[in-house]
Amino acid sequence: MAKLVRFGVSLEETLLKAFDGHIKSKSYKNRSEAIRDLIREDFVKKQWRENRKVAGTITLVYNHHQRELVNALTELQHRYNNLIVSSHHVHLDRHNCLESIVVKGNAYNIKELADKLKASRGVMFGDLTMAPVR
Ligand code: NI
């Protein structure tokens, strides 16, 4: 594990209180952990903007009875097949499906694919998680 370095942070009391509330809601063990995550998140966003290579997951939840939705999602995944490593479909109940799509490629393209999938009519939940890769 890399060496840990301590540093002091000064901020307004009200902002700190709000931050502590945020930490609690996300069940972080301490402020350091929360600050580390924020810094990492910001770095990922920077790489995203710079269109760096990333790997990640697109999660979708949808009702498969929605007309044309399954076709639309399949069509999009074929069109962007060079970004898709694998996908995993789970039949949640009689109506709903969860799809987890593992992606790898340029951040900008991945964001574009995720946005199109999420915007497909009938998708109830959509999320993109990205991690930097060298
Ligand atoms: Ni299903």
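**Helix 4 and its surroundings**

Begin by selecting helix 4 and displaying the side chains of A107, I110, L113, A114 and L117, which are buried in this helix. Turn the view until it looks down the axis of helix 4: the buried residues fall within an arc of 130 degrees, so they line one face of the helix. The model is a predicted one.

Next, colour the whole of helix 4, residues 107-119. Its 13 residues reach 18 Å from the first C-alpha to the last, close to the 18 Å expected at 1.5 Å a residue. On the face turned away from the buried side, select Y108 and A119, which are exposed.

Which elements do the buried residues of helix 4 pack against? Display helix 2 (31-49) and helix 3 (69-79), together with strand 1 (53-63), strand 2 (84-91), strand 3 (96-106) and strand 4 (123-132); the buried residues pack against these elements.

**The nickel ion**

Now centre the view on the nickel ion and select H89, H91 and C97, its protein donors. Along the chain, the donors follow the spacing H-x1-H-x5-C.

Remain with H89, which is located in strand 2. Is H89 buried or partly exposed? With a relative accessible area of 34%, H89 is partly exposed, whereas H91 counts as exposed at 61% relative accessibility.

Show the polar contacts made by the side chain of H89. One, of 3.2 Å, joins it to the side chain of H91; another, of 3.1 Å, joins it to the side chain of E99. H89 and E99 are ten residues apart in sequence, yet their C-alpha atoms are 4.5 Å apart in space. Leaving aside neighbours within four places in sequence, the contacts of H89 are Y62, C97, L98 and E99.

**T129 in strand 4**

Move on to T129, a residue of strand 4 that counts as partly exposed at 45% relative accessibility. T129 and G56 are 73 residues apart in sequence, but 5.3 Å apart in space, C-alpha to C-alpha.

**The two domains**

Finally, colour by the domain assignment, which gives domain 1 (13-49) and domain 2 (53-132). The C-alpha centres of domain 1 and domain 2 lie 27 Å apart.

How values were computed. Residues numbered from 1 in each chain as written. Predicted model: local features only at pLDDT ≥ 70, side-chain atom pairs only at ≥ 80, totals over all residues. Heavy atoms only, no water. Donors = N, O, S within 2.8 Å, 3.2 Å for Na, K, Ca; no water. Buried < 20%, exposed > 50% of the residue type's maximum accessible area, 1.4 Å probe, protein only. Helix = DSSP H or I, 4+ residues; strand = E, 2+ residues; numbered from the N terminus. Expected span 1.5 Å × (residues − 1). Arc of directions from axis to C-beta. Contact = heavy atoms within 4.5 Å. Domains from an automatic or database assignment. Polar contact = N/O pair within 3.5 Å; in protein donor to acceptor, adjacent residues only side chain to side chain.
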